[in-house]
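Dear colleague,

Please find the structure below, handed over for your records. My findings follow directly after it.

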Amino acid sequence: MYNEGLGSKAFDIFNYMIMILLCMIMLYPLLNTFAVSISDPTLVGQGKITWFPQGFDFHSYQYIFQDKNILNAYKNTIVFLVIGTSLQLLLTSLFAYPLSVSDFVFRKPLAVYVIITMVFSGGLIPQFLLIRDLQLFNSIWAVVLPVAMSAFNIIIFRTFFQEIPKELRESAYLDGANDFGILFRIYVPLSKPLLATFALFGAVMFWNMWFEPMIYLNKESSHPIQLLLRRMTIELKDYTDVGGLQRFIDTYNLNPKNIRMASIIVTILPILFIYPLLQKHFVSGMMIGSVKG
C-alpha cells in the first residue's frame, strides 16, 4: 500500500535538493567575484581563486575609492535614480489611469498610439538631435526624460487599474472627488505592489545606466558611478601585455582582474541592499498583468 506520508517527504527532500543546487549555481558567481576582488593579485593571476578568498588584500577597493570623483559619481547616480524613478511612476500612472476608464473618449486612440511606440522607434540619431535642439545637454533631463515613460509599463499599469472595482471610482465621484483625487487617494494607495515592483525596475535601470550619460553628459563632474567605473576599467586595458601587466602589479600591488571584480561589487551592493526592503511587494507585483492583457 502506498504511503502518502513517505511520498510527501521524498517529494519535499527532492525540492530542497533542487533549490539548494539552484542557490549554489546562482551564488557561486557572486562569491567568486567577491573572492577575487579581495585576494592576493599573484594568486588571482594564476587562476587559483574559486569561491573563497586567499591572501586577503583590499588594495583593489582602495584603488577605486582613491579617485576623487567617486563620491560625486555616487551622488549623481542617486540623483538620477530618485528623480528618474519618481518621474517614471508619476507619468506612467497619469497616462495609464484614463486608459483604464471605460467611458474615456480617447481611450482606444491613445491605446493604439502606445502600442505603436512598442513596435516602431525613432532611433538614436533623432533622439540625439531632439535632445540637442531642446538644449538639454549636460543636464539630468537629458538622461531621465527619454525613459520617463515606457509603453510596456503603461500597459501593465492600465491592466492593474482595470482590476480595481469601478464602484470605488463611482462612489468617489458621488462624494465630489475629481480624477486626480481618485488617482492619488484611491488608485495609488491600492497599487503598492505595482509601484514597488516598477520602482525596483526603474532603480536598477538608472543605477546601471552609462550609455545615455556618456552621450549627453560631457562634464566629468556630472558622470554617474557606472560611467566612472567604466572609464577606470578601460584604462586597465593599457596593461594587457605581459610586461605591462607585471608593471601594473609591481606598481599598485594589484592585478587588473582584482579591480574589475571590485568594480562589480561596488556596483551591485547598493541594489542588493534595496531589494530586501521591497521584496514583500515585489513578489506579489510580479504577478500583475498575468491574467488580463
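The notes below cover the overall fold, the cores, a helix pair, the aromatic residues and some individual positions.

This is a predicted model, in which local features need pLDDT of at least 70 and side-chain atom pairs count only at pLDDT 80 or more, while totals for chains, interfaces and linings use all residues. Residues are numbered from 1 along each chain as its sequence is written, and side-chain values use heavy atoms, with hydrogens and water left out.

Overall fold

The chain has 15 helices and 0 strands; these are DSSP runs numbered from the N terminus, with helices being H or I of at least four residues and strands E of at least two. Of its 293 residues, 36% count as buried. Here buried means under 20% relative accessible area, exposed means over 50%, and partly exposed lies in between (1.4 Å probe, protein chains only). The chain exposes about 17,800 Å², of which carbon and sulfur atoms supply 67%; the areas come from the Shrake-Rupley method with a 1.4 Å probe, and for residues only the protein chains shown count as cover. Among contacts (heavy atoms within 4.5 Å) between residues at least 6 apart in sequence, 72% join residues at least 24 apart.

Nonpolar cores

A nonpolar core is taken as a set of buried Ala, Val, Leu, Ile, Met, Phe, Trp, Tyr and Cys residues joined through side-chain atoms within 4.5 Å. The largest one has 29 residues, and I64, I70, I225 and L229 have the most contacts inside it. At least two residues of this core come from each of α3 (59–65), α4 (70–100), α7 (141–144), α11 (192–207), α13 (225–235) and α15 (256–285). The largest share, 6 residues, is supplied by α4. Leaving out residues up to four places away in sequence, I70 touches I64, F65, I225, L228 and L229. Another core, of 21 residues, lies apart from this one and includes L99, V114, F157 and L194.

Packing of α5 and α8

Two packed helices are described by the angle between their axes and the distance between the axes. Helix α5 (residues 107–119) packs with helix α8 (residues 151–163) at an angle of about 140°, and their axes are 8 Å apart. The axes are lines fitted to C-alpha atoms, for helices over the stretch in contact, and angles run from 0 to 180 degrees between N-to-C directions. On the α5 side the contact is made by R107, V114, T117 and M118, and on the α8 side by A151, F152, I154, I155 and Q162. By class, this contact has 6 nonpolar, 2 polar and 1 charged residues. Ala, Val, Leu, Ile, Met, Phe, Trp, Tyr, Cys and Pro count as nonpolar, Asp, Glu, Lys and Arg as charged, and the others, Gly among them, as polar.

Aromatic residues

Rings of Phe, Tyr and Trp (its six-membered ring) pair if their centres lie within 6.5 Å; planes under 30 degrees apart count as stacked, over 60 as edge-to-face and the rest as tilted. By this rule there are 12 aromatic pairs. One of them joins F198 and F201, edge-to-face, at 5.6 Å centre to centre and 85° between the planes. Because F198 and F201 are 3 residues apart in helix α11, about one helical turn separates them. F198 counts as buried at 7% relative accessibility, whereas F201 counts as partly exposed at 37%. Y97, F157, F161, Y187, F198 and F201 form one aromatic cluster.

Individual positions

S93 is in helix α4 and counts as buried, at 5% relative accessibility. Not counting residues up to four places away in sequence, S93 touches F157, F161, L183 and L195.

The C-alpha atoms of G55 and S39, 16 residues apart along the chain, are separated by 5.3 Å. Beyond its neighbours within four places in sequence, G55 is in contact with I38, S39 and D40.

With kind regards
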